[in-house]
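Welcome! Please have a look at the sequence and the model, then read on.

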Amino acid sequence: MESGAEQDPQGGSTRHLAGIPRWVKVFVVVTVTVLLLMVVAMLMTGGQHGPGRHQSAFPISERTAARAVATDADLGGVC
Amino acid sequence: MQMTPPIRKAALALHICTSVGWIGAAFAYLALAVAAQVSQQASTVYSAWMGMELIGWAVIVPLGCLAFLTGLLMSLGTSWGLLRHYWVLIALVLTTLALGVLLLHMPTVSQTAELARAMSEAEAVTLGGDIVHPAVGIGLLIVIAVLNIYKPRGQTGLMQQRPDLAR
């Protein structure tokens, strides 16, 4: 995979020039494809995901939210 | 700075243990997530979410952080370098991504576990699980492990290779 290597005129050591190996190209193509498929799948299932979701409140009903607040108060807000 | 052979071996042992432990703990989390998803018993759903929160914070997060830090140590303290080889660079990016998503996701898991405690049995069985995150995470970690084992050739050219450290 190191076809980009050439002889250093200063000595016998080899110098590796830029040349992206084939496995890296395949890896990038597969990764991008998988990511695109995941994005499409998320959009088709409602699109309720993304970095913002990790920082926002979990979607809950008002009744459940009231219970969660009550539980938090019972626990002294420790959790 | 290069590590001496005894220190390098100790760091490698720690890196392998924490990395493999991270994968194992992620599988345990996935098992609980599947249980929470498919179970029709509220007690199972409660327990699964409590277990996911506990495993997440007490096992997965520490192991993930340790695996990341020991990976950095192994890269910077050996001839591999951090940016010199494609496989190291890709493993670094994927590990950073996995750890970042984990740290961003765990508060949501805690929040959901807390909600599960406050729910009635009828509500709890509709809570569902958290299968996608651990499944994708395990996939990423396995890819990283394979890269670490095979160490495919290819240098980035971002750092000059020192002749005395050549592979």
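In helix α5 of chain B, the buried residues are B:H133, B:P134, B:G137, B:I138, B:L140, B:L141, B:I144 and B:L147. Please keep in mind that this is a predicted model. The points below start with that helix, then turn to an aromatic pair and to chain A.

**Helix α5 of chain B**
- The helix covers residues 132–150, and B:H133 is found in it.
- An α-helix has 3.6 residues a turn, so residues three or four places apart point the same way.
- After α5(B) comes B:K151, which has a positive phi, near 45 degrees.

**A closer look at B:H133**
- B:H133 counts as buried because its relative accessibility is 19%, and buried means under 20%.
- Between the C-alpha atoms of B:H133 and B:F68 there are 19 Å, while 65 residues separate the two along the chain.

**The aromatic pair**
- Over all chains, the count is 1 aromatic pair.
- The ring centres of B:W80 and B:W87 lie 5.2 Å apart and the planes meet at 75 degrees, so this pair is edge-to-face.
- Both B:W80 and B:W87 are buried.

**Chain A at a glance**
- Chain A contains 3 helices and 2 strands, in the order β-β-α-α-α from the N terminus.
- Chain A has 79 residues, and 11% of them count as buried.
- Its accessible surface is about 6,100 Å², with 64% belonging to carbon and sulfur atoms.

Note on methods:
Residues numbered from 1 in each chain as written. Chains lettered and ligands numbered in written order. Predicted model: local features only at pLDDT ≥ 70, side-chain atom pairs only at ≥ 80, totals over all residues. Heavy atoms only, no water. Helix = DSSP H or I, 4+ residues; strand = E, 2+ residues; numbered from the N terminus. Buried < 20%, exposed > 50% of the residue type's maximum accessible area, 1.4 Å probe, protein only. Phe/Tyr/Trp six-rings, centres within 6.5 Å; stacked < 30°, edge-to-face > 60°. Areas by Shrake-Rupley, 256 points an atom, 1.4 Å probe, with all protein chains shown as cover.
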